[in-house]
Amino acid sequence: MNQTKLKVNKKTKYLPIIGLEIHVELKTKSKMFCGCSADYFGHEPNSQCCPICLGLPGALPFPNKKAIRDCLVIGLALDCQVVETSQFDRKNYFYPDLAKGFQISQYANPFCLNGKLGEIRIRRVHMEEDTGKLLHAQEGTLIDFNRSGVPLVEIVTEPDLHTASEAKIFLQKLQQIIRYLGVSDADMEKGSMRLEPNISLIKTNTTNKYQLPSYKVEVKNINSFKFVEKAINFEIERQQALLEKGEVIHQETRRFDADKGLTLPQRSKEEAKDYRYFPEPDIPPIKWTKEEINNLKNKIPELPETKLKRFIKEYGLSEYDATILTVSLAVADYFEESIKYLVSSIESKEITPKIIANWLINKKVDIDKNSPEDLVEMIAQKSQQATISDEELEKATLKVLLDNPKAVSDYKAGKEQALMFLVGQVLKMVKGQASGEEIKTLIKEELIK
């Protein structure tokens with residue numbers, strides 16, 4: 001039970017209780033329990049299968065060591081405790097995309113327990129195999145088993161979230177951490193990160209303690225942050241309407257229809273006892289020493305929150321600039337490589353980290369086409385040609401925005417001509433020593449800070 005103070009919306013009689021289940025496919029060369037390629041996306045259906053993938057008689061699984069270690073790395077990055085003796089379990093259920101009639105997963109002793117990300121508690125981080133994929137066509141439903149057996153990490157939160165926007169922010173932070181770790185692309189368009197919120201409502205009261213509801217509704221396999229936010233908001237409204245009519249909400253699994261913006265029922269939601277979990281007889285328990293756990297912990301790279309704070313302190317960046325530069329590890333690394341080149345370049349001593357940050361943020365430098373050295377050279381050339389620095393241009397822009405509040409208000413209200421007026425005022429102040437496009441970009445960036 002979450003004992004933190006709740007911010008209850010007094011306009012409604014109900015408090016949303018939201019937990020999240022997130023499935024992340026790992027970026028390994030081979031599948032979880034066999035030697036087939038795990039790179040299934042875009043390949044001919046059923047071209048990357050073997051007797052183990054298809055659960056044929058006599059086929060025995062052998063665990064992917066790298067996948068297990070990557071699962072532990074995710075758990076450690078989320079401040080989890082590693083369970084020193086873990087096991088795989090059989091999760092028994094029938095579905096066409098599950099050829100064996102069971103999924104090798106973890107239940108009793110998962111790899112990682114009791115972590116947190118910010119204020120949200122992580123219940124468990126465990127390892128399992130992915131299922132096949134159903135393809136719906138005119139002639140019927142087809143099955144592609146290429147995905148079957150791909151290493152899949154499931155991250156389960158406690159029901160500590162209470163709004164759709166809070167869930168969205170949490171998921172974005174989680175995706176960022178996973179990408180920093182390099183264990184998965186977490187690409188939702190390709191299905192390598194899939195989101196499943198569990199939503200229920202309870203009546204609000206004057207205390208901060210509450211009993212969890214007797215039901216939960218799970219929305220399966222959502223593939224975007226925008227859709228997960230919409231699905232949660234729709235479910236909150238749907239469930240509230242039912243409760244206000246005095247109806248009982250049953251535990252069930254639903255899907256989100258992105259075109260219609262609503263959730264639709266799929267089936268009644270199973271409980272753990274329905275899956276008849278028992279230890280996987282073909283895979284022995286897995287034991288970890290404290291030394292092995294510490295070695296893995298020491299290999300975890302600098303994570304986004306730590307990098308953000310360091311950029312602010314070490315390079316004198318604003319929180320806004322540091323946040324943008326650390327969203328992507330590729331951009332963060334490019335920025336630091338540019339700083340390294342800057343330090344070794346005699347001709348570029350007038351260029352500061354703030355100037356490099358401005359170029360990356362405001363001028364949208366293509367880091368795939370320009371090396372860090374190219375960027376520093378471009379900035380150096382511009383500095384020689386112009387008599388106004390980026391800092392001076394930013395100061396002039398800020399002064400124009402402060403001196404013209406009505407034009408700022410008009411632009412925010414959708415009047416595009418107000419933006420052109422502001423650009424003209426900045427050009428006049430800097431005596432034409434900057435381009436209109438550059439000023440326009442800078443004004444837009446300043447107005448969203």
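Q: In this predicted model, which residue of E7 is the bridge partner of Gly115?
A: The two strands involved are E6, residues 112–117, and E7, residues 120–129. They run antiparallel and are joined by five bridges. Within E7, the bridge partner of Gly115 is Ile122.

Q: Which residue in the turn of the E6 and E7 hairpin has a positive phi?
A: E6 and E7 form a hairpin with two residues between them. A phi of about 65° occurs in that turn, at Gly118.

Q: How many residues of E7 are buried?
A: Buried means under 20% relative accessible area. Strand E7 has 10 residues and is mostly covered. The number buried is eight.

Q: Is Arg90, in its salt bridge with Glu280, buried or exposed?
A: The closest N and O atoms of Arg90 and Glu280 are 2.8 Å apart. The pair links distant parts of the chain, 190 residues apart: Arg90 lies in strand E4, Glu280 in the loop between E15 and E16. Glu280 has 4% relative accessibility, so it counts as buried. Arg90 is at 16%, under the 20% cut-off, and therefore also counts as buried.

Q: Which residues do salt bridges that share partners join into one network with Glu302?
A: Glu302 forms a salt bridge with Lys307, closest N and O atoms 2.9 Å apart. Glu302 forms another with Arg310, at 2.8 Å. Through shared partners, the network joins Glu302 with Lys307, Arg310, Glu314 and Glu336.

Notes:
Residues numbered from 1 in each chain as written. Predicted model: local features only at pLDDT ≥ 70, side-chain atom pairs only at ≥ 80, totals over all residues. Heavy atoms only, no water. Buried < 20%, exposed > 50% of the residue type's maximum accessible area, 1.4 Å probe, protein only. Helix = DSSP H or I, 4+ residues; strand = E, 2+ residues; numbered from the N terminus. Pairing = 2+ DSSP bridges. Salt bridge = Lys/Arg side-chain N within 4 Å of Asp/Glu carboxyl O.
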